[in-house]
Amino acid sequence: MASQDTKKDEGRASRASIEFLKGFWKENPTLVMLLGMCPTLAVTTSAVNGLTMGLAVVFVLTCSSLIVSLVRNIVPSQVRIPVFVIIIATFVTMVDLFLKAFLLDLSKALGPFIPLIVVNCIILGRAEAFASKNKVWLSFLDAFGVSLGFTVTLVFLGGIREILGMRTFFGMQVLGNGFEPWIVMLLPPGAFITLGFLLGAKNSIDRKLAQKKNS
Amino acid sequence: MNNRVKMLLIMTLFACISGGVLSFVYLFSAPLIEANILEEQRNSIFLVVPGTRDYDEKAKDGVAYFECKDSSGTLIGYALPIEGNGYQGVIKLMAGLKPDLSELTGIKVLQQVETPGLGGRIGEKGFQEQFKGVKTEPAIGYVKNQAPEKDTDIQAITGATISSRSVVAILNKGIEKFRTVQ
């Protein structure tokens with residue numbers, strides 16, 4: 001993988017946009033890599049919870065990928081994982097303190113899932129698979145793209161569950177009172193069911209696109 | 001350099017930087033966080049006993065409470081900070097009571113870790129407002145899926161009976177204890 005650095009001259013701009021955009025669809029952390037399932041399933045009871053969780057991950061992943069990429073050449077490979085975890089935990093604690101100090105209500109709603117970002121496999125996964133082997137700029141784009149893809153998916157998932165489970169979207173009522181809320185959507189099974197449909201939808205769109213290309 | 005020494009040095013270095021950065025962040029956020037919690041408790045006193053202009057912090061036989069007074073200094077009720085177990089963890093709340101303890105004037109959930117979207121909705125206004133004017137004697141109760149008929153009852157949140165029941169139980173227990181020290 002070290003050869004990625006040497007190939008930098010050919011198509012630098014396109015490489016950068018590829019690394020940034022892949023997180024949204026082709027390598028979407030939730031829908032393709034199926035990473036970070038714990039926060040994905042647990043906090044997406046409403047769109048705003050999904051958004052806050054996503055933004056916390058954007059901050060943590062982008063910052064820790066930057067630092068990991070910066071120090072990749074001075075950290076001995078035997079201790080790289082503990083060092084990465086220290087870096088990640090530092091940023092997670094910062095987010096946690098920030099939310100408690102400025103956004104107490106959201107911090108309460110997300111409960112233990114903010115501190116648990118430390119063990120979110122997306123973060124360590126990107127640090128290990130990408131940032132520890134690539135230049136700072138590319139690592140930044142990769143982390144930013146992947147975490148934004150995560151955020152979009154979480155808002156989508158949270159939005160669907162909130163609309164069907166509470167008739168609201170970002171707290172505003174969108175379905176009439178005649179619609180009986182599906183309580184199950186707010187419960188853990190609702191998370192699995194919605195995620196299953198999203199995975200199915202993504203795969204069927206991919207298949208249709210592939211068919212179009214071939215025909 | 002010996003690789004083993006390098007490993008140790010690098011890890012120590014990172015741990016120290018991390019510790020330093022976090023102490024710095026904590027230094028700034030700790031007073032804000034503490035102020036948030038205090039502010040919330042303070043605000044909740046005015047909320048649960050409407051009309052309060054001033055309050056005195058009191059404690060009797062290990063029960064802490066607040067005496068709420070209106071602008072002329074007359075006692076108009078008590079605010080009682082109480083806590084107990086919910087479905088997933090401790091629920092802390094502030095209960096407002098009339099001076100004779102016969103009726104709730106309001107409650108405010110200060111801290112809870114119930115399931116978001118279900119039990120977590122005990123933190124919502126709609127649920128808490130139900131307690132306004134509820135009679136405490138002989139005990140507060142709850143009903144499911146219908147509007148309460150008795151003046152001691154509230155309606156439990158659909159799909160979150162345990163959390164709703166916990167709030168009721170915490171209130172009953174706290175008020176009973178408060179009665180014994182009054």
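Reader: What share of the contacts in chain B with a separation of 6 or more comes from residues 24 or more positions apart?
Author: In this predicted model, such residues account for 48% of those contacts in chain B.

Reader: OK, and what is chain B built from?
Author: Chain B has three helices and seven strands. Going along the sequence, the pattern reads α-β-β-β-β-β-α-β-β-α.

Reader: Is chain B spread out or compact?
Author: Spread out: the radius of gyration is 22 Å, while the globule rule gives 16 Å for 182 residues, so chain B is more spread out than a compact globule. Along the principal axes, the C-alpha atoms of chain B fill a box of roughly 80 × 45 × 30 Å.

Reader: How many of the residues in chain B count as buried, as a percentage?
Author: That would be 32% of the 182 residues.

Reader: Let's do the sheet. What order do the five strands come in?
Author: The order is β1-β2-β3-β4-β5 in chain B, the pairing is antiparallel, and the sheet is open. At the edges sit β1 (54-60) and β5 (104-111) of chain B, each pairing on one side only. From one strand to the next, the twist averages 25°.

Reader: What actually holds strands of a sheet together?
Author: Strands pair through backbone hydrogen bonds, in a parallel or antiparallel way.

Reader: Then how many bridges join β3 to β4 in chain B?
Author: Eight bridges join β3 (residues 75-85) and β4 (residues 90-97) of chain B, and the two run antiparallel. To pick out a pair, B:P81 has B:M94 in β4(B) as its bridge partner.

Reader: And the helices, which strands does α1 of chain B lie across?
Author: Helix α1 (residues 3-48) of chain B lies across β1, β2 (63-69), β3, β4 and β5 of chain B, and runs at about 160° to β5(B). Helix α3 (residues 161-181) of chain B also packs on the sheet, where it touches β1, β2, β3, β4 and β5 of chain B. The direction of α3 makes about 125° with that of β3(B).

Reader: Switching topic: how many residues of chain B are in contact with chain A?
Author: There are 23 from chain B, in contact with 27 residues of chain A. On the chain B side, they divide into 14 nonpolar, eight polar and one charged.

Technical notes. Residues are numbered from 1 along each chain as its sequence is written. Chains are lettered from A and ligands numbered from 1 in the order in which they are written. This is a predicted model: local features need pLDDT of at least 70, side-chain atom pairs count only at pLDDT 80 or more; totals for chains, interfaces and linings use all residues. Two strands pair if DSSP finds at least two bridges between them. Helices (H or I, at least four residues) and strands (E, at least two) are DSSP runs, numbered from the N terminus. Axes are lines fitted to C-alpha atoms, for helices over the stretch in contact, and angles run from 0 to 180 degrees between N-to-C directions. Two residues are in contact if their C-beta atoms, placed from the backbone, lie within 7 Å. Ala, Val, Leu, Ile, Met, Phe, Trp, Tyr, Cys and Pro count as nonpolar, Asp, Glu, Lys and Arg as charged, and the others, Gly among them, as polar. The radius of gyration is taken over C-alpha atoms; the globule rule is 2.2 Å times the number of residues to the power 0.38. A residue is buried if 20 or more other C-beta atoms lie within 10 Å of its own, exposed if 12 or fewer, and partly exposed in between; C-beta atoms are placed from the backbone.
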